[in-house]
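Dear colleague,

Please find the structure below, handed over for your records. My notes on the findings follow it.

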Amino acid sequence: MAEQNCLVANDWICGEYLRSRSHELTDAVVQHIWITAISVVIGLLVAFPLALLARRGRHFAGPVLGLTTVLYTVPSLAMFSLLLPLFGLSAALVVTGLVLYSLTILVRNILAGLEAVPQEAREAAKGMGYGPARLLWEVELPLALPALMAGLRIATVSTVALTTVGSLVGKGGLGNLIEDALPSFFKAQVLTASVLCVLLAVVADLLLLGVQRLLTPWTRISGRPAPAAKAG
């Protein structure tokens, strides 16, 4: 009875809310995850060729980095309003906006990773007969992975947060629950949706960190102290 009364009392923590709205919460989490995942994947696919273009020289780097930076500074409400005539009130509107926001982080980190590849590694690969494409995929990209993954983690966590803004068009995942609860100040719903959003960001970051450690084992090996030499 006390747990049921927490809904009537409008408590912040309410077990009855979790039980009675579990289906609604699940649907919101699933929508939040797929919008975030699609946005980050598309953002990565767009950012990679832009980073390759930017590293060709300053005459390309300036416009590419400048454009992605300008896009990131556009307020979300203005961004969605500009995209509204093209996509209408759809999930594509939210995904496109999130992709544009992710570009400045992804492009800069991919570019930084590629530029940090030692010139000696490039020269050695060329001496072994590696062409430009093979050099990129087998030498430069693996060595650039730490910076690339760092950017991917930042972009993912940022996208998890920005997805809530999609509630403006009814496609905001957990943001929809927060927006619906604010007019009546439904405390349990506001807190639960907010906590779930934070948990999604933390879990996504930890998963990507695990992937990064699997893909870059040399970063752990190089960080270990050298064994002490044995006395003769």
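Which element gives the largest share of the lining of the largest pocket? The largest share, six residues, comes from α3. Please note that this is a predicted model, in which local features need pLDDT of at least 70 and side-chain atom pairs count only at pLDDT 80 or more, while totals for chains, interfaces and linings use all residues. Residues are numbered from 1 along each chain as its sequence is written, and side-chain values use heavy atoms, with hydrogens and water left out.

**The largest pocket**

The volume of the largest pocket is about 210 Å³. A pocket is an open set of points on a 1 Å grid over the protein atoms alone, where a 1.4 Å probe fits, with protein on both sides within 12 Å along at least five of seven lines; lining residues have an atom within 4 Å of a point. The volume is the space filled by probe spheres set on the points. The lining consists of His32, Ile33, Thr36, Ala37, Val40, Val41, Thr156, Val160, Leu200, Val203, Ala204 and Leu207. Two or more lining residues are given by each of α3 (22–54), α8 (132–163) and α10 (187–215); helices are DSSP runs (H or I, at least four residues), numbered from the N terminus. By class, nine residues of the lining are nonpolar, three are polar and none is charged (Ala, Val, Leu, Ile, Met, Phe, Trp, Tyr, Cys and Pro count as nonpolar, Asp, Glu, Lys and Arg as charged, and the others as polar).

**Helix packing**

α8 and α10 pack at an angle of about 170°, with their axes 9 Å apart (axes are lines fitted to C-alpha atoms over the stretch in contact, and angles run from 0 to 180 degrees between N-to-C directions). These two helices, α8 and α10, are therefore roughly antiparallel (over 145 degrees).

α3 also meets α6 (residues 91–115): their axes come within 6 Å and cross at roughly 45°. The contact of α3 with α6 has 24 nonpolar, three polar and no charged residues.

**Annotation**

An unreviewed UniProt entry annotates residues 29–208 as "domain: ABC transmembrane type-1"; such annotations may be inferred rather than shown by experiment. Over residues 29–208 the chain is 83% helix and 0% strand, with the end C-alpha atoms 19 Å apart. The UniProt annotation "transmembrane region", also from an unreviewed entry, includes residues 33–53, where the chain is 100% helix and the end C-alpha atoms are 30 Å apart.

Yours sincerely

Terms used:
Angles under 35 degrees count as roughly parallel, over 145 as roughly antiparallel, 65 to 115 as roughly perpendicular and the rest as oblique.
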